[in-house]
Amino acid sequence: MTASAGAAGTRPQGFRGMRDRAGTLAASHRSITIIVGWIIVATALPLLMLVPPFSTFQTQSLWIDGFTNAGVFILLALGLNVVVGFAGLLDLGYAAFYAIGAYTYAFAASPTVPWISLHVPFWPMLLVGAAVAAMFGLLLGAPTLRLRGDYLAIVTLGFGEIVPAVFLNADKVTNGTNGIGGVYKPDLFGYQFTLGNPVPYYIAMVAIIAIVMILVYRLQDSRLGRAWMAVREDELAAASNGVNTVTTKLLAFALGASTAGLAGVFTASKLTFVSPDQFSFAVSFTILAMVVLGGMGNVWGVAVGAFLLYTIQSVLLKQLNPFFHTLNVPFLKDIDFVQYQFLLYGLALVLMMLLRPEGLFPSSRRRRELHTEVDEYVGDELGPDPSSSPMEQS
Amino acid sequence: MSAATADPGNGTILRAHRVTKAFGGLVAVKEVDLEIPPTSIVSLIGPNGAGKTTFFNVIAGILDPTSGHVEFRGDRMIARPIRTWFEPVVWVTPSVVAGVISVLVYLATANADATALAVLAAIGLLIVMFLAAIVRPRWYLRLLATAGVFRSSRPNDMVKAGMGRTFQNIRLFANMTALENVQVGMHTKMRANAADALLSTPRARAEEKASQARAREFLGIVGLRGRAGELAKNLPYGDQRRLELARALASEPTLLLLDEPTAGMNPRETAQMTQLIDRLRRDLGISILLIEHDMKVVMGISDRIYVLDHGELISQGSPDAVRADPRVIEAYLGKPAS
C-alpha cells in the first residue's frame with residue numbers, strides 16, 4: 001500500500017494536476033466527453049487498420065465491417081451491464097431480447113414475411129424494436145422478482161431458450177429454420193445503405209453507441225441508478241428506505257432489454273436476414289463474458305471488453321490458422337482455432353477470475369467489493385480515531 | 001425540517017391492534033396492542049427472543065401479521081391479507097370478458113380478423129393485469145379494494161407514508177459512500193423518474209444537486225459532517241450506526257423505528273446517541289419507537305415503555321411503573337426461589 005502511494009507521490013506534480021483537471025472536466029461534461037471520445041476512436045480505428053500488421057490481416061473495408069459487427073456486441077454489452085452490473089441481476093438469456101429486436105424489424109420490413117408485407121423505415125423501427133424488447137424485458141422481469149442469484153439465472157436461461165425455440169417452431173409466422181430474408185436496408189434522406197459499403201453502417205453504429213452510452217451514464221448517476229445500486233447491495237435495506245424494489249428491478253430489465261432491441265434491429269437490417277440460430281445460448285454467454293471481462297458496472301470498460309472479445313474471436317482467431325500454416329509450425333498448423341473459441345473463452349474467464357476478478361477495467365465500486373481486505377486496511381490507516389469525531393451538541 | 005405532524009383530529013401516530021404473528025406453530029408475537037402518541041419516545045423492551053424485532057418487522061411492512069392490524073397516521077396500512085384467493089379472479093376477469101366478446105364477434109360476423117383482434121386484446125389485458133398485480137399501481141389497489149381484497153402495505157409504502165427505520169445488525173449499503181447512503185434514504189422525497197434521467201432534464205439536475213446539499217445536512221445532524229465521501233463500510237462502527245440513522249431521517253419520517261440503536265457502543269457513544277435521539281424528538285418533532293437492551297437509555301428517555309416476553313405484552317406504562325412491576329422483574333431475573 002505504502003509502496004504504491006510512494007510511487008504516486010514521485011510523479012511530476014504537473015502531470016497529475018493535468019490528469020486530475022482532465023478527469024473533473026470529463027466528469028462534469030460527460031456527454032461531450034463521450035461524443036468527442038467516440039469521434040476520435042471512430043476515426044482513428046480505420047486509419048490504424050491501414051498500417052501493418054493490421055493491414056496484412058484483411059482490407060480496411062473488411063475491418064470496418066468487423067468493427068460494425070463488434071459495435072453490435074458493444075451495444076449488447078452496454079445493455080446487459082445495466083441488468084448485471086448496475087442492478088446485480090444475473091441474466092443468462094439476454095440474447096432473447098436481441099432476437100426479439102431483430103424479428104421485430106424483420107416483420108416490419110421484409111417482403112418474405114409469411115403473414116404480412118410491410119416496409120417501415122429503419123430509423124423509427126430502431127425505437128420500436130427497443131420498445132418491444134423493453135416490453136418483453138418487463139414480462140421476463142415480472143415473474144423473477146422474488147428470485148435471486150442462481151434461481152434467477154436459471155429462469156433467465158430458460159427464457160433465453162424459449163424465445164429462439166418459439167421463433168424456430170412458429171414457422172407459419174417466422175418461416176422457422178429458414179428465417180426471414182430480404183430484410184430492407186436502412187436509408188437516410190434518400191441515401192441507400194448497401195452491402196458493398198460498410199462505412200455508413202459504421203457511422204450509424206458509432207452514433208447509436210455514443211447515444212446509448214450517454215443515456216446509460218445518465219441513468220447510472222440518477223435517482224434510479226442509485227436505487228439499482230442499493231438493491232444490488234441490500235434489497236431489504238433498500239425497500240426499508242423507500243425504494244420500490246419491484247419497479248426498480250423491472251426498470252433494470254426493461255431498460256437493459258431495450259438496448260438489445262436496438263442491437264437486434266441493427267443486425268437484422270445489416271445482415272438483411274434473421275434466423276433463430278443467430279440467437280443461441282452461446283450469444284448470451286458471449287455477451288456475459290464480455291461484461292465480466294470488461295469490468296462489470298463500468299460503462300467504458302464493458303464497451304472495451306466487448307470490442308476486444310469480438311475482434312479476437314472474429315479476426316485474430318481466423319488469422320491464426322493461415323498464420324501457423326504459412327510458418328508451417330508442426331501441430332499448431334493443424335488446429336482450427338475458431339473451433340476452440342469457447343475453450344479460449346473458458347480459459348480467459350478462469351484466468352480472469354483468478355488474477356483480476358473485477359475485470360480488465362473495473363468500476364471503482366466493483367473493485368472495492370472484491371478487494372475488501374485492502375480497503376479496510378486503508379480505512380484503518382487513514383480513518384480518524386472513532387472517539388475523536390465529535391457529535392454535534394445542541 | 002418539514003417532518004409532518006399527525007392529523008389534529010386523531011393524535012395517535014401509530015396504533016397496533018391485537019397484532020399476532022405466528023411462524024407455523026411458534027407464536028412470536030401474541031395480541032400486542034401498542035399506541036404511539038405524537039412526538040413521544042416509546043420503548044419496547046424484553047428478554048432476547050421476546051418477539052420485539054418480529055413486531056418491528058410487522059409494523060414496518062416486512063412481515064404480514066397473522067391477525068390484528070396496524071393503523072399508521074389514521075390509515076389502516078397493515079393487516080392480515082383478506083380474500084387474496086379472489087385476486088387472480090380480478091386479474092382474469094377482463095380477459096375472460098374480452099374472450100367471450102371475441103367468441104360472440106365470431107358467431108355474429110364470422111370475421112376472422114375481428115376475432116383475432118379480440119383474442120389479442122384478451123391476451124393484452126391478461127398481461128396488463130399481471131404486470132399491474134406486481135407493480136400495484138393506485139388504480140389496481142382501488143380495484144382490489146372494491147373487490148374486497150386487502151393486502152398489507154410494502155416496506156417502501158410505509159416509508160412513503162412517513163416511517164423510517166434502522167436495523168439491529170447495521171444494514172448500510174456498504175460499497176456506497178455515506179452521502180449516497182443518505183441520498184438513497186431521500187428516495188421517496190425525490191421525483192425524478194427514468195425519463196427525467198434519460199433526458200437529463202433541468203428539473204432532475206436541480207433536484208440531484210439539492211439532494212446532495214440536503215444529504216450533507218442530514219449527515220451534519222448525526223455528527224458525520226465531513227465524512228460524506230467515505231465508503232459506508234470504512235466508517236468506524238459507531239459512525240455506521242449514526243449513518244444508518246441519518247439515512248432513516250432522510251425520508252423525513254413522522255415515526256422512527258430504532259432497533260437497538262446503541263448496541264455495541266461504548267458508554268460515551270451510547271450517551272451521545274441517547275442525546276441525539278432525544279434531540280430528534282425535541283427539535284424535529286419525530287416520534288420514536290425504540291427497541292433497546294440498555295436500561296439506562298430506556299429509562300432515561302422513554303415516555304412510555306412496553307415490555308414483551310414470549311411474544312406477550314406483560315407490562316406497560318411509565319418508566320417508573322414498569323421498573324416496579326413484579327412481572328417485568330420476573331421476566332428478566334426469573335422467579336424468586338420459593
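**Figure 1. Domain division of chain B in the predicted model.** Chain B falls into domain 1 (14–78 + 157–333) and domain 2 (84–146), with bounds taken from an automatic or database domain assignment. The centres of domain 1 of chain B and domain 2 of chain B, taken over C-alpha atoms, lie 42 Å apart. Because this is a predicted model, local features need pLDDT of at least 70 and side-chain atom pairs count only at pLDDT 80 or more, whereas totals for chains, interfaces and linings use all residues. Residues are numbered from 1 along each chain as its sequence is written, and chains are lettered from A and ligands numbered from 1 in the order in which they are written.

**Figure 2. Position of B:Leu276.** B:Leu276 lies in helix H10 (residues 267–284) of chain B; helices (H or I, at least four residues) and strands (E, at least two) are DSSP runs, numbered from the N terminus. B:Leu276 counts as partly exposed because it has 19 C-beta neighbours inside 10 Å. A residue is buried if 20 or more other C-beta atoms lie within 10 Å of its own, exposed if 12 or fewer, and partly exposed in between, with C-beta atoms placed from the backbone. Between B:Leu276 and B:Glu330 there are 32 Å in space, C-alpha to C-alpha, and a separation of 54 residues in sequence.

**Figure 3. Chain A and the side that touches chain B.** Chain A contains 18 helices and four strands, and 42% of its 394 residues count as buried. In total, 44 residues of chain A are in contact with 45 residues of chain B, a contact being two residues whose C-beta atoms, placed from the backbone, lie within 7 Å. Elements of chain A giving two or more residues to this side include helix H7 (122–141), helix H10 (199–220) and helix H13 (245–271). H11(A) supplies the largest share, seven residues. By class, this side has 22 nonpolar, eleven polar and eleven charged residues; Ala, Val, Leu, Ile, Met, Phe, Trp, Tyr, Cys and Pro count as nonpolar, Asp, Glu, Lys and Arg as charged, and the others, Gly among them, as polar.

**Figure 4. Packing of H14(A) with H16(A).** The axes of helix H14 (residues 281–294) and helix H16 (residues 341–355) of chain A come within 11 Å and cross at roughly 30°. Axes are lines fitted to C-alpha atoms, for helices over the stretch in contact, and angles run from 0 to 180 degrees between N-to-C directions. H14(A) is therefore roughly parallel to H16(A), the term for angles under 35 degrees. The contact joins A:Ala289, A:Val292 and A:Leu293 of H14(A) to A:Tyr345, A:Ala348, A:Leu349 and A:Met352 of H16(A). These residues comprise seven nonpolar, no polar and no charged.

Methods: Parallel < 35°, antiparallel > 145°, perpendicular 65-115°, else oblique.
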